[in-house]
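Come along while I look things up, entry by entry.

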Amino acid sequence: MDLLGRGSPAAAAQVLQRASTAEPSSRSVREALARAQFDAGWYEAAAENFRVIVEASPSDDYANFGLGLALARSGDHAAAAEFLALAAAMRPDAAHYTEALRSVRATLRARQADRESSPPGTHEDGQEESR
């Protein structure tokens, strides 16, 4: 945790991965590992660890929030919205939960609008499909 606090998330993740392997049922170690992985930019790994916590404790608002953020950073905004909505519903007083949900939903709306405005036969990036 000291490494994470001093801004060394990759080093913290390495140490915490060993701790998680030694104590796989430790929720606090897994949460710290997920946070370190997220801060290091390892979003898919962070999502996996947050998901383990959510599966064991579905009412854990922070794990749902972390999973939602990690999924959003990994590009899965639809799944992210589900977990962020759960976190926001569990903790309506947590403005950062609501703001993250709002941001993901805005991304989903913008992508939907792009798809609807693209001519048939083109990809989201505006390139024509090859035939």
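Predicted model: local features only at pLDDT ≥ 70, side-chain atom pairs only at ≥ 80, totals over all residues.

**Entry 1: two helices side by side**

I began with α5 and α7, which pack at an angle of about 30°, with their axes 11 Å apart. Angles under 35 degrees count as roughly parallel, so I wrote down α5 and α7 as roughly parallel to each other. On the α5 side, the contact is made by Asp-61, Tyr-62, Phe-65, Leu-69 and Ala-72. On the α7 side, His-96, Tyr-97, Ala-100 and Val-104 take part. Sorted by class, the residues of this contact of α5 with α7 are seven nonpolar, one polar and one charged.

**Entry 2: stepping back to the whole chain**

Next I wanted the overall plan. How many helices and strands are there in the chain? I counted seven helices and zero strands. From the N terminus on, the elements run α-α-α-α-α-α-α. The chain has 131 residues, and buried residues make up 35% of them. I also checked contacts between residues at least 6 apart in sequence: 39% of these join residues at least 24 apart.

**Entry 3: α5 again, now with α6**

Are α5 and α6 roughly parallel or roughly antiparallel to each other? Their axes come within 8 Å and cross at roughly 155°. Angles over 145 degrees count as roughly antiparallel, and α5 and α6 are therefore roughly antiparallel. Here too I noted a left-handed crossing, as α5 passes α6. From α5, the residues that meet α6 are Asp-61, Asn-64, Phe-65, Leu-67, Gly-68, Leu-69, Leu-71 and Ala-72. Their partners in α6 are His-77, Ala-79, Ala-80, Phe-83, Leu-84, Leu-86, Ala-87 and Met-90. In the contact of α5 with α6 I find twelve nonpolar, three polar and one charged residues by class.

Is Ala-80 buried or exposed? Its relative accessibility is 0%, so Ala-80 counts as buried. Leaving aside neighbours within four places in sequence, Ala-80 is in contact with Gly-68, Leu-71, Ala-72 and Val-104. I also looked up Asn-64, which lies 16 residues from Ala-80 along the chain; their C-alpha atoms are separated by 9.1 Å.

Setting aside neighbours within four places in sequence, I listed its contacts as Ala-72, Val-104, Thr-107, Leu-108 and Arg-111.

Then I turned to Leu-84. With neighbours within four places in sequence left aside, Leu-84 is in contact with Asn-64, Phe-65, Gly-68, Leu-69, Ala-100, Leu-101 and Val-104.

**Entry 4: the cores**

In soluble globular proteins, nonpolar side chains tend to be buried together. With that in mind, I looked for nonpolar cores. The largest one has 25 residues. Which of its members touch the most other members? They are Phe-50, Phe-65, Leu-67, Leu-71, Leu-84, Tyr-97 and Val-104. The elements giving two or more residues to this core are α3 (27-39), α4 (43-56), α5 (61-74), α6 (77-90) and α7 (95-117). The largest share, seven residues, comes from α6. I also found a second, separate core of six residues, among them Ala-13, Leu-16, Ala-32 and Leu-33.

My last pair is α3 and α4, which pack at about 155° with their axes 8 Å apart. At that angle, α3 and α4 are therefore roughly antiparallel to each other. Their crossing is left-handed. From α3 I noted Arg-27, Arg-30, Glu-31, Leu-33, Ala-34, Arg-35, Gln-37 and Phe-38. These meet Tyr-43, Ala-45, Ala-46, Asn-49, Phe-50, Val-52 and Ile-53 in α4. By class, the contact of α3 with α4 has nine nonpolar, two polar and four charged residues.

Ala-40 sits in the loop between α3 and α4. At 27% relative accessibility, Ala-40 counts as partly exposed. Not counting residues up to four places away in sequence, Ala-40 touches Pro-9 and Ala-10. Ala-40 and Ala-11 are 29 residues apart in sequence and 8.9 Å apart in space, C-alpha to C-alpha.

Notes
Residues numbered from 1 in each chain as written. Heavy atoms only, no water. Core = buried A, V, L, I, M, F, W, Y, C linked by side-chain atoms within 4.5 Å. Buried < 20%, exposed > 50% of the residue type's maximum accessible area, 1.4 Å probe, protein only. Helix = DSSP H or I, 4+ residues; strand = E, 2+ residues; numbered from the N terminus. Contact = heavy atoms within 4.5 Å. Axes fitted to C-alpha atoms, helices over the stretch in contact; angles between N-to-C directions. Parallel < 35°, antiparallel > 145°, perpendicular 65-115°, else oblique. Left-handed = near helix turned anticlockwise from the far one by under 90°. Nonpolar A, V, L, I, M, F, W, Y, C, P; charged D, E, K, R; others polar.
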